[in-house]
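Subject: A structure to look through

Dear colleague,

Please open it first, and then read my notes beside it.

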Amino acid sequence: MLKVGLTGGIAVGKSVVGEMFVALGAHLVQADRIAHSLMQPGEAVYNEVVRHFGREILNPDGSVNRAKLAEAAFGPPGTAGKSARIDELNRIVHPAVIRSQEEWMHAIGVQNPHSVAIVEAALLLEAGAAKSFDRMIVVSCNTEQRVERFATRQKIDLEAARKEVARRMAAQLPDEEKIKAADYVIDNSGSLEQTREQVKQVWETLRAEA
């Protein structure tokens, strides 16, 4: 089985690229979904996050309010790079997410030893998880496209999106560093068809290796 990491900065289109790989036959799991499940009430990660960040990050029903947690971790909008609490959050969440990813990849390998298992994660390199993978794919696009995509996704105006994207990017490795670690780079700044064509080419190579 071939273990593949799929990463890139905020709003570059990792999920779109991941779906294209799935359509071609890859198995895929999203680290964000794993983290979301680990932050359900009663989970050990949930308890640790609440202990560190306080009950003010919770909704009335006890679930984590992701916007409030993001503000607690990244700092208020417009304070890019000034909060160190994102490291505190990552120290709680990343090890548990990485364990879950490893378990998932192991299970896929048992089911089908010749499969391609892809883990999509924004902070894959930052979490120190690169060594778990045979190949690394980085998705990229320009900053303005990220802002527009983030604004559309979150249903917010461009100015608010610009501040939030800057805040998130400050907590991530620069694209240049991610690209240095990549075996393949998929440029998602063009049309969906152009992206799909790049995905197909990478897929042929991955499938042959698997």
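Please keep in mind that the model is predicted.

The side chain of Glu-144 meets that of Arg-162 in a salt bridge, with 2.7 Å from N to O. Because Glu-144 lies in helix H6 and Arg-162 in helix H7, the pair ties together parts that are 18 residues apart in sequence. Arg-162 is likewise partly exposed, at 32% relative accessible area, and salt bridges with shared partners join Glu-144, Glu-159 and Arg-162 into one network.

How do the two helices themselves meet? The axes of H6 (residues 143-154) and H7 (residues 158-170) come within 8 Å and cross at roughly 115°, and this crossing is right-handed. Among the residues that make the contact are Phe-150 of H6 and Met-169 of H7, and the contact residues divide into 7 nonpolar, 1 polar and 5 charged.

In total, 13 salt bridges were counted. One of them joins the side chains of Glu-209 and Arg-135, at 2.7 Å from N to O; since Glu-209 lies in helix H9 (residues 192-209) and Arg-135 in strand E4 (residues 135-140), this pair ties together parts that are 74 residues apart in sequence. Glu-209 is partly exposed at 34% relative accessibility, and Arg-135 is partly exposed at 26%.

Best wishes

How values were computed: Residues numbered from 1 in each chain as written. Predicted model: local features only at pLDDT ≥ 70, side-chain atom pairs only at ≥ 80, totals over all residues. Heavy atoms only, no water. Axes fitted to C-alpha atoms, helices over the stretch in contact; angles between N-to-C directions. Helix = DSSP H or I, 4+ residues; strand = E, 2+ residues; numbered from the N terminus. Left-handed = near helix turned anticlockwise from the far one by under 90°. Contact = heavy atoms within 4.5 Å. Nonpolar A, V, L, I, M, F, W, Y, C, P; charged D, E, K, R; others polar. Salt bridge = Lys/Arg side-chain N within 4 Å of Asp/Glu carboxyl O. Buried < 20%, exposed > 50% of the residue type's maximum accessible area, 1.4 Å probe, protein only.
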